[in-house]
Amino acid sequence: CLFFKAEAQSQTNSIKPLKIGDTIPEELWNMPLQVVNHPERKQTITLNDYKGKLIILDFWATWCGACIAAMPKVQQLQHKFNSRLVTIPVAYEAKVKVQPFLSTNKTIAALNLMSVYADKSLSRSFPHSILPHIVWISSKGELIATSSSEYLTPINIEKVLAGYKPDYVLKKDVDTSRPLYLGDALPNDSLIKQYSIFIKGQMDGLPGGSSLRIKNNQVYGLALYNQPLLSIYQIIASKLLPKDFTDKRFIYAFDRSEPLFKADRDLKPADFYTYDYIMSTDQRGSFWLSMLNNLNQVSPYRCNIEKRRIKCLSLVRTSKQDKFRSLGGRKKMTMFRNGNELKNHPFSLLLVRLNQEDVSGEKIVIDETGYDGNVDLLIRAPFHDHDALRRELNRYDLDLIAVEREIEMFAFYADN
């Protein structure tokens, strides 16, 4: 047993990254891969078990929502092309995490999926940093493509099986630590002038997320990958407006039929944007305002921060006693999960809850307590019952009152 482990480790270390067009080496064909949920209760498989078929390696993780959402579609392809195709989910995570997840996740539990777990050798052969990651190995044993799961379709499978080039875009993961699409010969700190790039359409080599660029404890750049345009504005607005920011501070000089307001379920790859902005070394002032000014130049919208007098709700103190002052200890927040407790957190988290539509409707709730410390609150009433909610706040010498205030709003204009 000890000899087998040493031999397997030696084999793994000898495996080199493969490029498109490479033939799969023999040591990889015969590398034992640990699996769970095998239909014949096998503990290991090899790629050689499926030689002669089109092999699809579907790299995934339990935390990857896009991977999990695509699995039913991948399984349908397996059933459709069963005699000529094999799809193999591959996870780097341990058995103790992968096996229970496959049997309990609502999206995939009924699929009875087999999966490789604790993978090292396949990830070394087909390196990637972004999931989902799909690897295509032809029936002749050649690496013919890497792609996102979007291109794993019946039409593309048919084309590959017939020997034709499918309609996919090869996936190449982008190094997000560098400014996007900047040549390797040009280091980050050589950027004297402002840098930005704004791309419409989903980028397969990038994650759906963001990367904050910080140097000497100062934010000098932010990259946002594969985001709806409204999400990009939400991030910037949350930094420019007060700590009790809410989307209710957005106002629009056009109707909501604009594409900016598509529901998440209606978004297509063309509706996503990638935006990377780096402030020049000679600029002064707020990074976030500089980023907004730059985005206004490239986006189909123009946004300004404007003061408007509006009716809103204000969280206020009714005495000078700090009945809500936190006693410290472990932080706790259950007000977003049908709970009622806020412990050792600032009022700003309560404001987030109060600004939700089931509590305050379309009105903005602002914090006028003037208290900056952490608080302990136990609200023993449903948040949607305003009278009961106010009675609970009154126990802490707090109240929620109707006021009219001039507050900062984030105004959208169509850039026509």
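Student: Why is C64 called buried in this structure?

Tutor: The model is a predicted one, and in it C64 has a relative accessible area of 5%; because buried means under 20%, C64 counts as buried.

Student: What makes C64 and C67 a disulfide?

Tutor: The sulfur atoms of C64 and C67 are 2.2 Å apart, and since a disulfide calls for cysteine sulfur atoms within 2.5 Å, the pair of C64 and C67 qualifies. The structure holds one disulfide, and the partner C67, at 1% relative accessibility, is buried as well.

Student: Why is the disulfide of C64 and C67 called right-handed?

Tutor: The torsion about the S-S bond of C64 and C67 is about 80°, and therefore the disulfide is described as right-handed.

Student: What makes K323 and D397 a salt bridge?

Tutor: The closest N and O atoms of K323 and D397 are 3.3 Å apart, and because the criterion is a Lys or Arg side-chain nitrogen within 4 Å of a carboxyl oxygen of Asp or Glu, the pair K323 and D397 meets it.

Student: Are K323 and D397 buried, exposed or partly exposed, and how do you know that?

Tutor: K323 has a relative accessible area of 41%, which falls between the limits of 20% and 50%, so K323 is partly exposed. D397, with a relative accessible area of 12%, falls under 20%, and D397 is therefore buried.

Student: How do you know that R405 and E368 meet in a salt bridge?

Tutor: The N to O distance between the side chains of R405 and E368 is 2.8 Å, which is within the 4 Å limit, so the pair R405 and E368 counts as a salt bridge. R405 lies in strand β18 and E368 in the loop between β16 (365-367) and β17 (375-378), so this pair ties together parts that are 37 residues apart in sequence. R405 is partly exposed at 30% relative accessible area, and E368 is partly exposed at 33%. The structure holds 14 salt bridges, and among them are those that share partners and join R317, D322 and R325 into one network.

Student: Why is strand β12 described as largely enclosed by the rest of the structure?

Tutor: Seven of the seven residues of β12 (residues 272-278) are buried, and therefore the strand is largely enclosed. Both faces are covered, with F272, T274, D276 and I278 buried on one side and Y273, Y275 and Y277 buried on the other.

Student: What makes β8 and β10 pairing partners of β12?

Tutor: Pairing requires at least two bridges, and six join β8 (residues 195-200) to β12, while six join β10 (residues 218-228) to β12; β8 runs antiparallel to β12, and β10 also runs antiparallel to β12. Y195 has I278 as its bridge partner in β12, and L222 stands opposite Y277 in β12.

Definitions and conventions:
Residues are numbered from 1 along each chain as its sequence is written. This is a predicted model: local features need pLDDT of at least 70, side-chain atom pairs count only at pLDDT 80 or more; totals for chains, interfaces and linings use all residues. Side-chain values use heavy atoms; hydrogens and water are left out. Buried means under 20% relative accessible area, exposed over 50%, partly exposed in between (1.4 Å probe, protein chains only). Helices (H or I, at least four residues) and strands (E, at least two) are DSSP runs, numbered from the N terminus.
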